[in-house]
Amino acid sequence: MSDEQKGLNGMDLVIDGWFHERGKLWPGQAMSIEIEEVLFHGRSKFQDVLVFKSKCHGNVLVLDGVIQVTERDEFSYQEMIAHIPLFSHSNPEKVLVIGGGDGGVLREISKHPGVKEIIICEIDGDVIKYSKQFLPALAKGYDDSRVTVHVMDGAEFMKKNTDSFDVIITDSSDPIGPASVLFETPFYNAMYDSLRDGGIVCTQGECMWLHLDLIQPLVNSIKSKYSTVEYAYTSVPTYPSGQIGFILAGKNRGGCKEPCRIPSALQEASMSYYTSDVHKASFVLPAFAKRAIFGEKI
């Protein structure tokens, strides 16, 4: 953790009853949310943790000054990062989640009855603790009997579990502090080794409006390893520029642009954002992003 991260105090971003999300990764802009009540503020072993009840967005989790989830719009992120890879796989039985301590991704994976085993590696146990306390609608993902929790470094776990998983989902915060290594090529190599043949990784892929300088080199660096590398995105109003992407990569398989399974009626009823049509549409990139990320001429 850098000295800057060690010194960050989430309460310094609360001014006149509003939380103002300002950071180096989105220079010149800020997201502000009106606070009704601060529910918790403290420092874990790894990062600053702030939870507050907002006026219009429900409870909000902030790590190192960056909004992670709000109860109002979290479903658009959780559903897409989970269901795009899961519905792109013909029979995902064993799934690994790295990060995702709030439990939202677990909640979405648990909607797939064919999944037999769900393992989560979250490095910061305090994120799990306070999510269970203040974000129960997300943390109910921990209640599924198929879930096994490891409070540890996901990279270390994967070293001991090669050729093991059908789907690996990395639900990370931004590439600062403890999450920085999750945006580097060695981590993607470790995920590749931990996948079974035909497996898929899906990772938080930052914002095409702000972070093409991060996305494009990472995509280029893993193309030679994975058989397919693709980029999709979703809309999340409280994330920087209202949008966030996903990097999807396959091991000895085709791409993920077309789902190979469709949600059941029961699954559809439990979803607020994901549909098969939204799945397909999420890979349709605007011209500037397609050129920048994949070097394709439009």
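Two strands pair if DSSP finds at least two bridges between them. Strand β8 and strand β9 (residues 147–150) meet this cut-off, because 4 bridges join them. The model is predicted.

**Strand β8 and its neighbours**
- β8 and β9 run parallel.
- Ile118 stands opposite Val147 of β9.
- Ile98 has Cys121 in β8 as its bridge partner.
- Together, β7, helix α3 (residues 104–109) and β8 make a β-α-β unit, and this unit is right-handed.

**Aromatic pairs**
- The structure holds 9 aromatic pairs.
- One of them joins Tyr192 and Tyr226 edge-to-face, at 5.1 Å centre to centre and 85° between the planes.
- Tyr192 lies in helix α7 and Tyr226 in the loop between α8 and β12, so their pair ties together parts 34 residues apart in sequence.
- Tyr192 and Tyr226 are both buried.
- Trp209 and Phe288 form a tilted pair, because their ring centres are 4.9 Å apart and their planes stand at 45°.
- Trp209 sits in the loop between β11 and α8, and Phe288 in helix α11, so this pair links parts 79 residues apart in sequence.
- Trp209 is exposed, at 56% relative accessibility.
- Phe288 is partly exposed, at 31%.
- Tyr77, Tyr239 and Phe246 form one aromatic cluster.

**Charges over rings**
- Lys251 has its charged end over the ring of Tyr192, 4.7 Å from the centre.
- Lys132 has its charged end over the ring of Tyr142, 4.8 Å from the centre.

Definitions and conventions: Residues numbered from 1 in each chain as written. Predicted model: local features only at pLDDT ≥ 70, side-chain atom pairs only at ≥ 80, totals over all residues. Heavy atoms only, no water. Helix = DSSP H or I, 4+ residues; strand = E, 2+ residues; numbered from the N terminus. Right-handed = clockwise from strand over helix to strand, strands pointing away. Phe/Tyr/Trp six-rings, centres within 6.5 Å; stacked < 30°, edge-to-face > 60°. Buried < 20%, exposed > 50% of the residue type's maximum accessible area, 1.4 Å probe, protein only. Lys NZ or Arg CZ within 6 Å of the ring centre and 35° of its normal.
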